[in-house]
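Subject: Structure for you to look at

Dear colleague,

I am handing over the structure we spoke about, with the sequence and the coordinates shown just below. Please look through it first, and then read on for what was found in it.

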Amino acid sequence: MSSENMTLNLKIWRQKSAASEGKLVDYRVENVSPDMSFLEMIDVLNEQLVRKGEDPIAFDHDCREGICGMCSMMIDGKAHGGYKNTTTCQVHMRLYKNGDTIVIEPFRAQAFPLIKDLAVDRGAIDKVMIAGGYVTANTGNAPDANAMLIPKPIADEAMDAAACIGCGACVASCPNGSGMLFMGAKISQLALLPQGEPESPRRALNMVHTHDGLGFGNCTNHAECEATCPKGISIEHIARMNREYLKAAFTYHEKTRSEGGA
Amino acid sequence: MAINLDPKAPSGDLKDKWSKHKFESKLVNPANKRKFTVIVVGTGLAGGSAAASLAELGYNVLSFCIQDSARRAHSIAAQGGINAAKNYPNDGDSIKRLFYDTIKGGDYRSREANVYRLAEVSSNIIDQMVSQGVPFAREYGGYLDNRSFGGSQVSRTFYARGQTGQQLLLGAYSGMMKMISKGKIKMFNRREMMDLVTINGKARGIIVKNLITGETEKYAADAVLLCTGGYGNVFYLSTNAMTSNASAAWRCYKRGAAFANPCFTQIHPTCIPVHGDYQSKLTLMSESLRNDGRVWVPKKPNDTRKPAEIPDEERDYYLERVYPSFGNLAPRDISSRQAKYRYDEGKGVGPTKQAVYLDFRDAIARDGKEVIAGKYGNLFEMYERITGDDPYKTPMMIYPAVHYTMGGLWVDYNLQSTVPGLHVLGEANFSDHGANRLGASALMQGLADGYFVIPSTLSHYLASTPLEKVTTDAKEFKEAEEAVKLQTSKLLSIKGKRTVDDFHKALGHYMWDYVGMSRNEAGLKKAIDGIRKLREEFWKDVNVPGDAGNFNLELHKAARVADFLELGELMALDALERNESCGGHFREEYQTPDGEAQRDDANFAHAAVWEYTGPNSSPIRHKEELKFEYVQLATRSYK
Amino acid sequence: MVTSAVNHYCKSSIGRKQLVAITGLLLCGFLVGHLSGNFLLLAGPDAFNIYAHKLASLGPMLYLIEAGLAAIFLVHLGLAMKLNMENMKSRGKYQEKNKTGRGTTFASQTMPYTGIILLIFLVLHLCSLKFGSYYETTVDGVLMRDLYRTTIEYFASTAATAWYVVAMFCAAIHTSHGFASAFQSLGLNHGKYFKNVKRLGLIYAILVGGGFAFVSIWCHMKGV
């Protein structure tokens, strides 16, 4: 904990593009206020680089309030810096000391190809969602919202899972590069709720099979994802997905039938 | 060019207008729908819900977003909730009351027919979102729970912890994912709209920049939906996301879409105060906190005691004192202004002396820490992470910040701008909130526009408009693309000394100081003059490193700031021309003796609609007169 | 299609890990049986030899059980190795190694290594005991193999005992992660009871690993 302005040594991964070689480059930032956010500290460094005519460090960020899931960064080997329930944009410099050396790398995984410096392509997360992360409910069909009663504990548990921001920290920190936590959270959320339950088996099969084809690794229950998740999502949701998948693999059956009529 | 500002609001009784209009709208038959292509720019609540709903109807949708995924649009950051006239708590709510609250909350500067429709479809939104699996908060019996928000005396706000915007956005996003899987939506991530292409006066496509490769791309369609959000980032510091910008809307403005009420900006009272000049954005603390938190300042100016050391009789709970019937839940514009009065009187607290306290001491004593943690735990944690203070022990310090822009591109009842085929949804349009938006209404409007309004009105446009076949080989596409490339190379060639953020911060200072919470003639003139000079300097001295052919974040920022430097001037001009105070627009010259906004309904009961006339000539101010048939114009009072 | 469903399952990430989990739990069950047999060593040569003889005289039944066991083992080993190889490819390669794994444990990180040690152990174990030196003895007039003597002789060597203890330590480490992990893989994780499953896994690992090691040390003392 620091309350005075600091000087920090940074080692930041620089890589021009996916095709080129990358390396850790040393930077020094002075006058870092403890009230700065981690990304504001990088902003300050980037301003320095621009003034010197150098290429600023590319990194993803947007809302800067911990909800959009755009910011990433492995800080000292830990996704989002390793603080409980915190995204990189919410990490504040008062957590560091004058003279600290901080190593900053992109989120790495086979499923997340690098774009530039600290920015990676997390499109694989969308692809898993496209495979079934929804309830097939077209606009205009809905019955009254209170027509379907959902017990509070169930709604709360679904909300725990739904809190996922799709940042990919679970994948980046997983020793296997597996996407089970973010996928499990969605499958679990929709399996818990009566709205999502009817297509639960189909969803589990399609999402898991899509996940497997995108370069994500397999889960071996390290639970590193759970410890890293900035929204504190539990691996209980992975267990629920495992259950849903097991059930679906041996019971779900879809025949193609003609739907023609007079 | 004469612009047509016919609101096209249907005739008839207020409560029948929308159903009558829907019935009278032409339809496109199912087989023909697949022949139409619609571009949707933005994937927030408005864009996401519109893209999903139109694709469900059978249109081919091309969807564009600036982030790496549609799930990251800034609607995600809305915390508190979404309003709907369900009247589940049996506390006297109705469509009419939500309509009335919204009109009054907007200080009588919005269009009656639009607002009524908004209130009318509000209930359907909740039904729709629940059916998509949004885990709204529930009671033990399984029924939906409600809370209260500012500017209303009923509990009509539905919520999902402090992450309502996220849950609704993920609902709309899931609808999009479903339609992507069916091949009806083609998604384009990391694209920024650079220009609108009009052919024969109709919107027929867009030019976008691929933010990774830096290349420009052209897309043609039969209609364009602009769902790109507001322009709060013109202030540099706001609660908007870093990439939230005005460029898409601004370029449409330059292509003939009129801009309405640009000066109507919402300053939200409960944000975390600014720490230093390195600050990149401001973080909102949900308005829902004012359900239980009490706002106060010390009665004595320059009181440096710790909050706990100040006894109750020396505290000024000024919202409760000035507005006894609404108390801490007074609307945002009013609460922000009262905070400003307090620190103008020297009673502000915190290192900058510009904050006020939001105190949970009494709520914790009344309900217990558990209950308060259950309601606001995640917000308290967020506050502690940012400031290092524990709100369970010491009051939060809050400060007003730019949060939302009520102004936007002018649209008629069909959400169509003055450019045929260009429809504008959500915060990007000006339609429903008048001069001030009530809490939990932005989510409602975005989803109403996307789910329930546009599917009907866009079909009518497509069915009733002759649309010749257009490809991106048309010369209008080439010209627009060339103009974008020219601007890019110009920005890169300046190689000046000041960074893009330098200019943006300087613009922000002008905006906050003179076009912010309170405005006056001299200040606005100063701002106009200053912004003009700043803009000239920008085009002479900005430093954009790198080249166009890669992931060049400084270049992307520079193009946005160039547009902000033009928009800022128009906002100041609009504020200068509106010689009254209303809602978020407070002109010091026009106030009641007790410091409340004084409207001038005789001269300003209209939307100011600005028409672009070229780079070197002044824009023309048109008026859309607002006719109030159902609501009696009255002085807005929350006392 | 039923076959294609099974096929998909056996190729999917979750399907394969569930097969690893099921086979792992079966192997855990086998270890309990094996260990109870081992404790008969403490009851003297006759008790142990009669037990071994009973097993051997099952005839074809024994071969079937052994084949089943081998199959379970091979599925467990083969799938785990395949998953591990895939995971080595899909994981992020960082310059800065995780300074502190916050979820991962020593056991979870070393599963492939402890597994390989156990594989080597198993081969040697079968060679030196099951297929080791063959003596005969007569108990109650029945001629049978004197496996007791083979065992005691084998553990007379300090090196053999030490290696055995090391291997059992690995088995304990391996099952301390594997036991609870199998429940998680099969979807049996709930806030209400999973802590107890984890505890049970730990107790299992200590009792079984410790039990085997104890018997081997006992044999060593007996033999020297």
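Which pair of chains has the most contacts among the 2 pairs that touch? That place goes to chains A and B. Before going further, please keep in mind that this is a predicted model, to which the predictor gives an ipTM of 0.96 and a pTM of 0.96 for the complex.

Where chains A and B meet, 69 residues of chain A are in contact with 64 residues of chain B. On the side of chain A that touches chain B, at least two residues each are supplied by helix H1 (38-51), strand E6 (114-116), helix H2 (123-130), helix H3 (152-162) and helix H5 (180-192) of chain A, and the largest share, 7 residues, comes from H1(A). By residue type, this side of chain A divides into 32 nonpolar, 20 polar and 17 charged residues. Chains B and C, by contrast, do not touch, and their nearest C-alpha atoms are 19 Å apart.

What does the secondary structure of chain C come to? Chain C has 9 helices and 2 strands, and, read along the sequence, these follow the pattern α-α-α-α-α-α-β-β-α-α-α. The C-alpha trace of chain C spans about 60 × 50 × 35 Å along its principal axes, and 32% of the 224 residues of this chain count as buried. Among contacts in chain C between residues at least 6 apart in sequence, 78% join residues at least 24 apart. As for confidence, chain C averages a pLDDT of 94, with 97% of its residues scoring at least 70.

With best wishes

Note on methods: Residues are numbered from 1 along each chain as its sequence is written. Chains are lettered from A and ligands numbered from 1 in the order in which they are written. This is a predicted model: local features need pLDDT of at least 70, side-chain atom pairs count only at pLDDT 80 or more; totals for chains, interfaces and linings use all residues. pLDDT is the predictor's confidence in each residue, from 0 to 100. Two residues are in contact if their C-beta atoms, placed from the backbone, lie within 7 Å. Helices (H or I, at least four residues) and strands (E, at least two) are DSSP runs, numbered from the N terminus. Ala, Val, Leu, Ile, Met, Phe, Trp, Tyr, Cys and Pro count as nonpolar, Asp, Glu, Lys and Arg as charged, and the others, Gly among them, as polar. A residue is buried if 20 or more other C-beta atoms lie within 10 Å of its own, exposed if 12 or fewer, and partly exposed in between; C-beta atoms are placed from the backbone.
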